[in-house]
Amino acid sequence: MVIAALSRLASRLARHALAYDARSSGAGASGGLYAFTDWAGRRGGADVVGLANFAELLASPPALTALGNSLLIAGAATVVQTVVGLALALALHSSLASRNLLRTLFFAPALLPPVVIGLLWQYILTPAGPFNDLLRGVGLGSLTQNWLGDSDLALGSVIAVIVWQNAGLTMVIYLAGLQNVPAELLETAQLDGASWWQRLRHVTMPLLVPATRIALSLTLISSLKLFDQVFVMTGGGPGHATETLSLIMYKEAFVSGRYGYGAAIALVLTMIVFAFALLQLRGLRRFEVEP
Amino acid sequence: MLAVAGLFLFPFYVFLTMSLKTPQEVAGNPLGLPSGLNLSNYATAWQQGGLGDALVNSVVVTALSVALLVGCGSLAAYLLARRMSRLSHGLYLVFLLGLMIPLQLGMVPLYQFMHDANLLQTYTSLIIFEVGHHLPLVVFLYAGFTRALPRQYEEAAHVDGASSWTTFRKVVFPLLRPVTGTVVILSAIGIWNDFLTPLLYVGGSAQQTLPVAIFAFRGEFTSQWEVIFAGMAMAILPILVVYFLLQKYIIKGFASGIKG
């Protein structure tokens with residue numbers, strides 16, 4: 001119902017915006033419309049070029065790399081972060097003396113400015129930096145790498161940093177969700193002889209579906225839009241190895257001044273975010289149960 | 001658990017020790033402890049980084065934006081939640097739409113708008129943007145909470161002769177306190193940490209906020225990592241102090257805000 005109302009609303013807004021745009025000869029009006037123009041900012045007017053921007057996007061290898069990277073980061077970060085966050089929450093939900101301190105510490109990176117996180121890890125991952133030193137210190141010297149400078153490794157390193165920063169956030173969502181799991185239910189299951197894994201699989205997890213949905217959509221959407229950390233850590237390099245859609249959108253629109261093309265990239269990103277949000281909403285509702 | 005916590009905390013260890021090292025120690029022994037409490041990096045960063053000004057800018061922008069968000073958001077949500085008209089329902093959907101549309105889509109036209117309105121390089125541009133950007137979430141949280149409030153208190157206040165404004169100020173707003181806490185925490189963190197929009201709107205000006213200043217700082221002190229770390233440490237110290245003092249409420253606020 002809400003979705004139908006929203007789509008009606010969207011089409012009405014678009015019609016008004018188009019009418020407004022026609023009157024004011026190209027300037028102003030709302031975002032997605034620029035995607036169909038060759039607008040280059042104040043210097044000139046905008047001509048409608050139809051789908052040319054999208055055709056260019058699909059024919060440009062760096063843009064396709066960025067698209068692939070964004071999807072890969074979103075997929076990998078979402079899976080790893082959810083698993084790590086859930087594990088942390090399960091470990092820290094039980095009565096452990098140090099759990100409050102640990103919760104506080106694990107959540108701390110999620111509050112820090114992404115710029116600071118980016119700079120911190122840029123240094124940690126340099127070839128002569130602390131991470132390689134740590135590997136040598138524990139006898140794993142053969143694993144030392146140029147983590148951000150090697151185009152085969154850079155994207156993986158970026159994903160690891162994202163997970164490090166945001167796993168605490170997923171943990172907090174799951175900790176909140178775990179409070180909705182009645183202790184009696186788990187005790188009954190235990191008395192009936194269910195193993196730890198069976199209790200997790202058949203009692204806890206079904207009751208954590210709402211928390212999972214929130215954790216998944218937050219991670220998925222924020223990692224699809226990833227900008228700050230890559231911009232600071234690698235600037236998209238080496239080559240195009242770590243470029244994301246947000247990053248090329250920024251470069252095209254605000255560095256090269258190709259606003260129309262930048263808006264087209266933004267529109268593609270928007271559609272991907274919407275598609276994933278819908279897919280997830282539909283997909284996970286099936287697993288939901290009442291406690 | 002301890003090994004995981006150790007690996008997890010490793011970056012914090014690097015952070016702290018780096019900012020206290022001399023350049024020789026950084027080059028010779030990136031992992032070791034500093035030889036002593038060497039605070040000269042902090043002095044250098046403070047004097048040459050312009051971080052003090054940036055800190056003030058961040059505080060001004062964040063405080064004003066959050067105050068506007070709480071004021072406008074609670075009032076708007078109250079009206080939208082209590083008035084059962086087609087208009088208020090439609091307006092509520094507009095706010096929901098704002099939650100779904102990624103920021104990137106509006107970035108180009110918004111930048112152009114700020115430029116045309118001659119607002120770039122001012123606090124105003126950033127505050128307008130941050131308030132607009134966070135308002136959908138704030139209205140969503142406040143409206144959800146308002147709907148769960150019983151109407152009896154408001155009706156009683158009306159019977160006693162209170163005006164709508166007095167009812168809101170004296171009865172409703174105090175009842176909204178838990179969600180106000182969540183709103184303040186979520187939006188303050190989001191605004192304080194924002195990077196791309198301040199970079200576009202106030203980058204390079206005297207109004208630049210901390211994340212932008214730190215990024216510029218990195219460029220200035222290219223290979224002097226010990227100074228960069230000292231600068232970053234000073235920049236995140238306020239957040240960390242507030243966080244460790246209020247961690248219970250912040251974690252709760254995040255959990256309930258996200259759950260809503």
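Trainee: Among contacts in chain B between residues at least 6 apart in sequence, what percentage join residues at least 24 apart?

Mentor: Good place to start, and please keep in mind that this is a predicted model. Chain B has 260 residues, of which 50% count as buried. Taking its contacts between residues at least 6 apart in sequence, the share that joins residues at least 24 apart is 70%.

Trainee: How many helices and how many strands does chain B have?

Mentor: Follow the chain from the N terminus and the elements run α-α-α-α-α-α-α-α-α-α-α-α-α. Its C-alpha atoms fill a box of roughly 75 × 50 × 30 Å along the principal axes. The count for chain B is 13 helices and zero strands.

Trainee: What part of the accessible surface of chain B belongs to carbon and sulfur atoms?

Mentor: Let's take the chains in turn. The accessible surface of chain A is about 13400 Å², with 64% belonging to carbon and sulfur atoms. For chain B the surface comes to about 12300 Å², and the carbon and sulfur part is 68%.

Trainee: How far apart are the mean positions of the positive and negative charges of chain B?

Mentor: Chain B carries 13 positive and 10 negative charges.

Trainee: Which side chain of opposite charge is nearest to A:Arg199?

Mentor: First, find A:Arg199 in helix H9, residues 196–207 of chain A. Beyond its neighbours within four places in sequence, A:Arg199 is in contact with A:Leu186, A:Ala189, A:Gln190, A:Ala194 and A:Thr204. A:Arg199 is buried yet has no salt bridge. At 9.2 Å away, the nearest side chain of opposite charge is that of A:Glu187.

Trainee: Is A:Ile221 buried or partly exposed?

Mentor: Look in helix H10, residues 209–224 of chain A, to find A:Ile221. Its C-alpha atom is separated by 8.2 Å from that of A:Phe276, 55 residues apart along the chain. Buried means under 20% relative accessible area. A:Ile221 has 25%, so it counts as partly exposed.

Trainee: How are the rings of A:Phe131 and A:Trp147 arranged?

Mentor: The structure holds 27 aromatic pairs over all chains, and A:Phe131 with A:Trp147 is an aromatic pair. A:Phe131 lies in helix H6 and A:Trp147 in the loop between H6 and helix H7, so the pair ties together parts that are 16 residues apart in sequence. A:Phe131 is partly exposed at 21% relative accessibility, while A:Trp147 is buried at 17%. With 5.5 Å centre to centre and 70° between the planes, the arrangement is edge-to-face.

Trainee: Why does the pair of B:Phe217 and B:Phe221 count as tilted?

Mentor: B:Phe217 is buried, with a relative accessible area of 1%, and B:Phe221 is buried at 5%. Their ring centres are 4.8 Å apart. The pair counts as tilted because its planes lie at 45°.

Trainee: Which residues do ring pairs link into a cluster?

Mentor: This cluster has members in chain A and in chain B. From chain A come A:Phe227, A:Phe231, A:Tyr250, A:Phe254 and A:Tyr259. From chain B come B:Tyr111, B:Phe129, B:Phe195, B:Tyr201 and B:Phe215.

Terms used: Residues are numbered from 1 along each chain as its sequence is written. Chains are lettered from A and ligands numbered from 1 in the order in which they are written. This is a predicted model: local features need pLDDT of at least 70, side-chain atom pairs count only at pLDDT 80 or more; totals for chains, interfaces and linings use all residues. Side-chain values use heavy atoms; hydrogens and water are left out. Helices (H or I, at least four residues) and strands (E, at least two) are DSSP runs, numbered from the N terminus. Buried means under 20% relative accessible area, exposed over 50%, partly exposed in between (1.4 Å probe, protein chains only). Lys and Arg count as positive and Asp and Glu as negative; His and the chain ends are not counted. A salt bridge is a side-chain nitrogen of Lys or Arg within 4 Å of a carboxyl oxygen of Asp or Glu. Contact means heavy atoms within 4.5 Å. Accessible areas come from the Shrake-Rupley method with a 1.4 Å probe; for residues, only the protein chains shown count as cover. The place of a charge is taken as NZ of Lys, CZ of Arg, CG of Asp or CD of Glu. Rings of Phe, Tyr and Trp (its six-membered ring) pair if their centres lie within 6.5 Å; planes under 30 degrees apart count as stacked, over 60 as edge-to-face and the rest as tilted.
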